[in-house]
Amino acid sequence: AALDKCKKGGKCSPGTRAQVYVALGMVASQVGQADEAKANFVAALNADPNVKLPDRGTSPSIKAQFGEAQKT
């Protein structure tokens, strides 16, 4: 829903869109949807190449999937 609001209003900065994609990627990773997680992380990095994972609350699988996305 947050991403839809960004798209409709167009008022979200690239950094904000990237953070939304990171959050979606983290959720997808936690529910076992690795491909979707990686796709969201790639979208986040496309929106803002400097986006980072949060300092806390990231599992090893999230970190690995984000690392894979950074390579693409």
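Let's start with α3 and α4. In this predicted model, their axes come within 8 Å and cross at roughly 55°. That makes α3 and α4 oblique to each other. The crossing of α3 past α4 is right-handed. Who makes the contact? On the α3 side, we have Ala34, Ala37, Lys38, Phe41, Val42 and Leu45. On the α4 side, look for Ile62, Gln65, Phe66, Glu68, Ala69 and Gln70. Sort the residues in this contact by class and you get eight nonpolar, two polar and two charged.

Let me step back for the overall layout. The protein has four helices and zero strands. Along the sequence the pattern reads α-α-α-α. There are 72 residues, and 33% of them count as buried. Now take the contacts with a separation of 6 or more. Of those, 54% join residues 24 or more positions apart.

Next pair: α2 and α3. Their axes sit 8 Å apart, and the packing angle is about 170°. So α2 and α3 are roughly antiparallel, since an angle over 145 degrees counts that way. This crossing is left-handed. From α2, the contact takes in Pro14, Arg17, Ala18, Tyr21, Val22, Leu24, Gly25, Met26, Ala28 and Ser29. They meet Glu36, Ala37, Asn40, Phe41, Ala43, Ala44 and Ala47 of α3. By class, the α2 and α3 contact has 12 nonpolar, three polar and two charged residues.

α2 passes α4 in a right-handed crossing. The α2 residues are Val22, Met26, Ser29 and Gln30. Across from them in α4 are Ser61, Ile62, Gln65 and Phe66. What is the class count for this contact? Four nonpolar, four polar and no charged residues.

Is serine 29 buried or exposed? Its relative accessibility is 9%, so serine 29 counts as buried. Beyond its sequence neighbours up to four places away, serine 29 touches Ala37, Ser61, Ile62 and Gln65. Ala37 belongs to the α3 side of the contact with α2. Ser61, Ile62 and Gln65 are on the α4 side of the contact with α2.

Now the core. In soluble globular proteins, nonpolar side chains tend to be buried together. Here the largest nonpolar core has 14 residues. Which of them touch the most other members? Val22, Phe41, Ala44, Val51, Leu53 and Phe66. The elements giving two or more residues to this core are α2, spanning 14–30, α3, spanning 34–47, and α4, spanning 60–71. α2 supplies the largest share, five residues.

Pick out valine 22. Setting aside residues up to four places away in sequence, valine 22 touches Phe41, Ala44, Val51, Lys52, Leu53, Pro54 and Phe66. Among those partners are Phe41, Ala44, Val51, Leu53 and Phe66, which are themselves on the list of residues touching the most other core members.

Where is valine 51? In the loop between α3 and α4. Valine 51 has 5% relative accessibility, so valine 51 counts as buried. With neighbours within four places left aside, valine 51 is in contact with Ala18, Gln19, Val22, Ala44, Leu45 and Phe66. Valine 51 and glutamine 19 are 32 residues apart in sequence. In space, their C-alpha atoms are 7.2 Å apart.

Threonine 58 also lies in the loop between α3 and α4. How accessible is threonine 58? The relative accessible area is 14%. The cut-off for buried is under 20%, so threonine 58 is buried. Apart from neighbours within four places in sequence, threonine 58 is in contact with Met26, Leu53 and Lys63. Met26 also takes part in the contact of α2 with α4. Leu53 is one of the core residues that touch the most other members.

Terms used: Residues numbered from 1 in each chain as written. Predicted model: local features only at pLDDT ≥ 70, side-chain atom pairs only at ≥ 80, totals over all residues. Heavy atoms only, no water. Core = buried A, V, L, I, M, F, W, Y, C linked by side-chain atoms within 4.5 Å. Buried < 20%, exposed > 50% of the residue type's maximum accessible area, 1.4 Å probe, protein only. Contact = heavy atoms within 4.5 Å. Axes fitted to C-alpha atoms, helices over the stretch in contact; angles between N-to-C directions. Parallel < 35°, antiparallel > 145°, perpendicular 65-115°, else oblique. Left-handed = near helix turned anticlockwise from the far one by under 90°. Nonpolar A, V, L, I, M, F, W, Y, C, P; charged D, E, K, R; others polar.
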